[in-house]
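Please have a look at the sequence and the fold before moving on.

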Amino acid sequence: MSRRVPRSRAPLALALGAALAGPLALTPPAAAAAGSYTVTPLKFTVQAAGRSCTVDADLYRPAGVDRDHPAPAVLGTNGFGGSKSDGSTDTIGKAFAQRGYVSLVYSGLGFGRSGCLISLDDPDLDGAAAAQLVDFLGGKRAADDGTTADFVTLDAPGDPRVGMIGGSYGGAVQLATAAVDHRLDALVPMITWHDLAYSLDPNNAVGSAGVPGVFKWQWTNGFYLIGEGQPLLQPGLDPSRINSLACLHFVTQACRTIRTLNSGSYPADRTAELLAFARRVSPVSYLHRVKTPTLLVQGQADTLFNLNEATATYRTLRAQGTPVKMIWQSWGHSGGVTGPASGELDLSKGNLETSYVGRRVLAWFDRHLRKQTHVDTGPAFAYYRDWVTDPHHTYATADRLPVLNRTLYLSGDGTLVDRRDKVARGTRGYTNWPIPTSHSESSLAGLIGTQDSPPRDTKGTYLDWTSKPLDRPLDVVGAPRATLKVHSPKAERTQNSGDAADKLVLFAKIYDVAPDGTRTLVRRLVAPVRVPDVTKSFTVTLPGIVHRYETGHRLRFVIAASDDAYFGNKGIKPVTVVSGPGNTGMLQLPVAGP
């Protein structure tokens, strides 16, 4: 049954004048966007990897769009734990229907009223299901009640002009779909992952392939409980969404992965299975098949899927010739209860014309879905700057990604110095406790609407190196790198035990220290490391940041023995660091500007 939404009830205010006053002036929406639209609930029975799944969807059709006056389409789905009816997903349907697009929003497999198990955006399941919705938009199939769509712009018979947009779980599914269906014309994946093995069990040591990381237990178990708690969120589940008592609502391999991570043990066979599954369902394994123009939007405030994930996807797509651009917006999965910064795109509000990211999305779809070749889709790279107060200039732009162009050295006296010959000789050490002694974040604080306590480290369980006060502002844009050599005889004795959990674990991070001594852990981001070989030096890629260190402030680089958002060391493993002019660690920074 359809329902008509008159223009007077439209939830989104179109503020074209304000939009054009911003730093990027874009083509206004089509005239049809000003009219009403109808919403038709639909069910689709799809086949995916030998399974039959029901997909629950809503079709938004703008007034005036028919067989003789077709329009391009936008396809969207929910984040993890959501459905077609949650705030941001529902708004996608409304927002683009108001702007003249046919919109089809649906509950992803295992969520809302859609059937089948949660498979973590597996291309063979979630991607295949979405591709059959593209069939519907292309007129190749009907919904279960016989409804057809003969009013979508076609590039060829059965090939609709269609783009996808969505965040997090609704972001990765776009890449999964594009990998199995080349009919997609534009993607806007937001705050999503590149490699779930890195997302949930990160090892930030360069060249650590095959070495498991450090379990991000708070984030992972939070989402696992959301998935397993589906009967509480959605009574009367489709039987196809029940697996077994041991693993209720996920595919079996996902549950095995969670159990391995929670065990705190990494024997070779289970580790290989963990890495293989996590990567198989991640873009890292199938991006080579993605040819669809992609606008990546990643959040700076995101300890779940940090900026490095989008950067890895961007570099892969760019290297293979897939059209791609990237924006680092302010908000992501983290950040407490504050939500998007003022003027930023808020998917639940649909403020497309009045936000920089929103205007970039509209331009991307105008260019690739409406084929308005004169539309400027913006620069290759843009990033939000929270220290800029002028709302028209909060984003800086560049034609390439930042590079590491500033080096500081870790002196033996605990200072960061700008020349190797300034390094003082010295030996310093720390040891871990049986319980975590450092706090970066309570990962789910933002999701449940609570404030988090400040980051902290316990004396004797970390080492730090601090720069002199800056004589001018320093803008760090990108992922810093640190090269370290540590000594830990106990870790040396256990690192070849056959269980990778016996390897040394540490956490690298960067603070901003104000003149009054106040410390800020930038975006609460840390770099967990399971050291591949403690007898050798190693390099750590820290999470990307966009941060201004003001005049008079100091940088502080820290390595800590633990972090309560992650699993830590197995046993007590004291660590020492020896520094001297000819043999010392260093910190490299991507600095923007002069």
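The report below goes through a sheet, a helix, the disulfides and a pocket.

## About the model

Please keep in mind as you read that this is a predicted model.

Let's begin with an open sheet of five strands, whose order is 15-14-29-21-25 and whose pairing is antiparallel. Strand 15 (416-417) and strand 25 (538-541) stand at the edges with a single partner strand each, so one side of each has no neighbour in the sheet. In general, strands of a sheet pair through backbone hydrogen bonds, either parallel or antiparallel.

Just after helix 2, G100 takes a positive phi of about 90 degrees.

How much of helix 2 is covered? Most of the helix is: nine of its twelve residues are buried. The buried residues are T89, D90, T91, I92, G93, A95, F96, A97 and Q98. Among the elements that cover these buried residues of helix 2 are strand 2 (37-48), strand 3 (51-62), strand 4 (73-77), strand 5 (102-106) and strand 8 (162-167), and helix 12 (356-368) is also included.

## Two disulfides

How many disulfides does the distance rule find? The count comes to two. One of them joins C53 to C116, with an S to S distance of 2.0 Å. C53 lies in strand 3 and C116 in the loop between strand 5 and helix 3 (123-137), so this pair ties together parts that are 63 residues apart in sequence. The link of C53 and C116 is left-handed, with -85 degrees about the S-S bond. Both ends are covered: C53 counts as buried because its relative accessibility is 1%, and C116 counts as buried at 5%, the cut-off being under 20%.

The other disulfide is formed by C247 and C255, whose sulfur atoms are 1.6 Å apart. Here the link is right-handed, with 65 degrees about the S-S bond. C247 counts as buried at 3% relative accessibility, and C255 counts as buried at 1%. Counting bonded cysteines along the chain, the disulfides follow the pattern 1-2, 3-4.

## The second largest pocket

Our last stop is an open space in the protein. The second largest pocket has a volume of about 830 Å³. Its lining is made of 36 residues, and those nearest its centre are Y198, N308, A312, R481 and T541.

Which helix gives the largest share of the lining of the second largest pocket? That share, five residues, comes from helix 11. Helix 5 (196-200), helix 9 (268-280) and helix 11 (307-319) each supply at least two residues of this lining.

Terms used: Residues are numbered from 1 along each chain as its sequence is written. This is a predicted model: local features need pLDDT of at least 70, side-chain atom pairs count only at pLDDT 80 or more; totals for chains, interfaces and linings use all residues. Side-chain values use heavy atoms; hydrogens and water are left out. Two strands pair if DSSP finds at least two bridges between them. Helices (H or I, at least four residues) and strands (E, at least two) are DSSP runs, numbered from the N terminus. Buried means under 20% relative accessible area, exposed over 50%, partly exposed in between (1.4 Å probe, protein chains only). Contact means heavy atoms within 4.5 Å. A disulfide is a pair of cysteine sulfur atoms within 2.5 Å. On a 1 Å grid over the protein atoms alone, a cavity is a set of points where a 1.4 Å probe fits but cannot get out, and a pocket is an open set with protein on both sides within 12 Å along at least five of seven lines; lining residues have an atom within 4 Å of a point. Grid points are joined across faces, edges and corners, and a volume is the space filled by probe spheres set on the points.
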